[in-house]
Amino acid sequence: MDTKGQHLIIDAFECQSAILNNAEQLKELLTKAIEHIGMEILSTHFHSFSPQGVTGVIGISTSHFSIHTWPEHGYVALDLYTCGNQEIWPTVKEILKKIEAKRVEVYEHSRGEESKNTSTMKKLILTSDTENTEKGNSRELLQLQDNRGNDWDMKQLKEIIAGKHDVLYHGSSQYQDILLVKANDLRLYLDQELQFCSLDERHYHEALVYPVMEMAAPHERILILGGGDGLALREVLKYPKVKHVDFVDIDPIIIQLAKTEPALLALNNGAFLDDRVHVHIEDAQKFITRELQAYDVIIIDFPDPVNPILSSLYTEELFSQVANHLSKDGALVCQSGSPEDAPKTFWSIAETIKKAGLLTLEYNVTVPSFGLWGFHLGAHKKLAKKIPQISVPHQALPANMEPLFKIPSAIMSVQKDAVINSLDNLRLHELYEQEMKDWS
């Protein structure tokens with residue numbers, strides 16, 4: 001028999017307690033799973049404890065499958081070892097679905113003479129919105145797709161996969177593929193595009209937050225659209241005068257990771273645990289149609305407009321709705337992509353904000369992982385020419401932010417080519433795609 005084997009050690013949390021206390025139901029569930037995989041059952045033994053709990057083991061020709069439950073805690077420990085190369089993860093995932101697990105930690109260990117004892121640990125969050133939470137299979141955790149991401153991020157991902165890495169989370173919500181990985185740093189990828197690197201993310205998030213917070217008077221009520229990792233929120237909460245933050249993001253998986261994954265929780269300083277923060281898991285386009293009390297600061301931290309859906313977040317209609325919720329002395333900021341790689345896209349966002357009736361002011365900053373990055377401020381009144389200094393503790397930016405507002409002449413020259421992006425004339429994603437092709 002082949003010595004090569006697969007060993008899955010699984011901790012499942014927040015399971016349905018009634019199922020965990022039913023030995024016959026668990027026996028039937030695991031027996032059917034083994035038969036579905038095509039393994040030969042040699043022996044079966046299950047035992048119910050008093051007042052609650054079940055332990056069970058099924059001997060199979062290729063090793064074993066065992067379970068032990070704690071119904072009072074909604075917790076299950078599963079251990080599956082099998083020789084050979086059967087595709088076992090889809091069946092295990094079906095078991096987790098049947099016991100209604102909400103959160104899972106999987107330790108995958110290769111066994112046998114040729115395994116080199118390699119191990120992978122991954123954490124999954126299973127919700128009703130995400131039946132297919134885990135991508136790939138038990139033999140190849142990360143399977144890159146050529147139609148996602150960009151060339152640079154693809155090269156980085158291949159290097160991460162080839163080397164030592166700790167996958168903290170890999171799965172899919174109904175909106176995107178999500179990968180949170182720890183190598184020498186902490187990185188978040190959405191649809192294989194890098195969202196942040198912990199080594200330099202403060203360059204981006206400080207630049208996103210500090211200019212608008214310092215230039216808005218006052219800044220007690222804040223609205224943040226996007227940025228589910230909580231890193232922009234972390235910077236906002238440094239301001240002691242902030243009293244209320246409405247945080248809107250469409251993806252519950254990202255929010256849950258930001259609230260519970262220790263590495264990300266440490267990076268965002270537990271921002272979502274602050275009593276001033278009110279989380280709204282919904283589409284920003286729907287949220288802003290509500291009747292809302294005016295905000296002093298609005299922060300728009302959407303992904304780049306790489307497709308029509310994301311392009312619809314950078315429209316005249318959306319910016320007009322946002323402007324309606326901005327106080328007369330308030331200010332907004334919108335992340336606007338790379339003015340080096342996609343200058344026409346950068347200026348088109350500005351022109352679209354202006355079309356919505358706001359005055360704008362552009363600025364940029366160098367983020368080592370991304371290069372030069374651009375932002376646009378917007379306000380009902382002309383923004384002050386004198387840029388205030390940063391008044392809260394900071395790490396990446398100098399207190400004097402005036403250099404951020406100096407735009408290279410080569411980028412300024414492209415301003416004339418900007419377009420207006422609207423729902424009935426959605427052009428930003430096409431412009432972005434063409435610029436990225438030209439750049440590559």
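Author: Let us begin with a naming rule: Ala, Val, Leu, Ile, Met, Phe, Trp, Tyr, Cys and Pro count as nonpolar, Asp, Glu, Lys and Arg as charged, and the others, Gly among them, as polar. This is a predicted model, in which local features need pLDDT of at least 70 and side-chain atom pairs count only at pLDDT 80 or more, while totals for chains, interfaces and linings use all residues. Residues are numbered from 1 along each chain as its sequence is written, and side-chain values use heavy atoms, with hydrogens and water left out.

Reader: How do the residues of the lining of the largest cavity divide by that rule?

Author: They split into five nonpolar, five polar and one charged. Among the lining residues are Asp 304, Pro 305, Tyr 314, Gln 335 and Gly 337.

Reader: What makes this space a cavity?

Author: On a 1 Å grid over the protein atoms alone, a cavity is a set of points where a 1.4 Å probe fits but cannot get out, and lining residues have an atom within 4 Å of a point. Points are joined across faces, edges and corners, and the volume is the space filled by probe spheres set on them. The largest cavity comes to about 40 Å³, and the structure holds one cavity of 30 Å³ or more.

Reader: Why is Ala 379 called buried?

Author: Buried means under 20% relative accessible area, exposed over 50%, and partly exposed in between (1.4 Å probe, protein chains only). Ala 379 has a relative accessible area of 2%, so it is buried. Its place is in strand β18 (residues 371–379); strands (E, at least two residues) and helices (H or I, at least four) are DSSP runs, numbered from the N terminus.

Reader: What is Ala 379 in contact with, leaving aside its neighbours within four places in sequence?

Author: With contact meaning heavy atoms within 4.5 Å, the partners of Ala 379 are Leu 326, Gly 330, Ala 331, Leu 358 and Leu 359.

Reader: Why is strand β15 described as largely enclosed?

Author: Seven of the seven residues of β15 (residues 295–301) are buried, so the rest of the structure largely encloses this strand.

Reader: How do you know that β15 pairs with strand β12?

Author: Pairing asks that DSSP find at least two bridges between two strands. Five bridges join β12 (residues 221–226) to β15, and they run parallel. Ile 224 stands opposite Ile 299 in β15.

Reader: What makes a set of residues a nonpolar core?

Author: The members are buried Ala, Val, Leu, Ile, Met, Phe, Trp, Tyr and Cys residues joined through side-chain atoms within 4.5 Å. The largest such core has 57 residues, and Ile 299 is one of those with the most contacts inside it. Helix α5 (residues 201–215) gives the most to this core, with eight residues.

Technical notes
1 Å grid on protein atoms, 1.4 Å probe; cavity = no way out; pocket = protein on both sides within 12 Å on 5 of 7 lines; lining within 4 Å.
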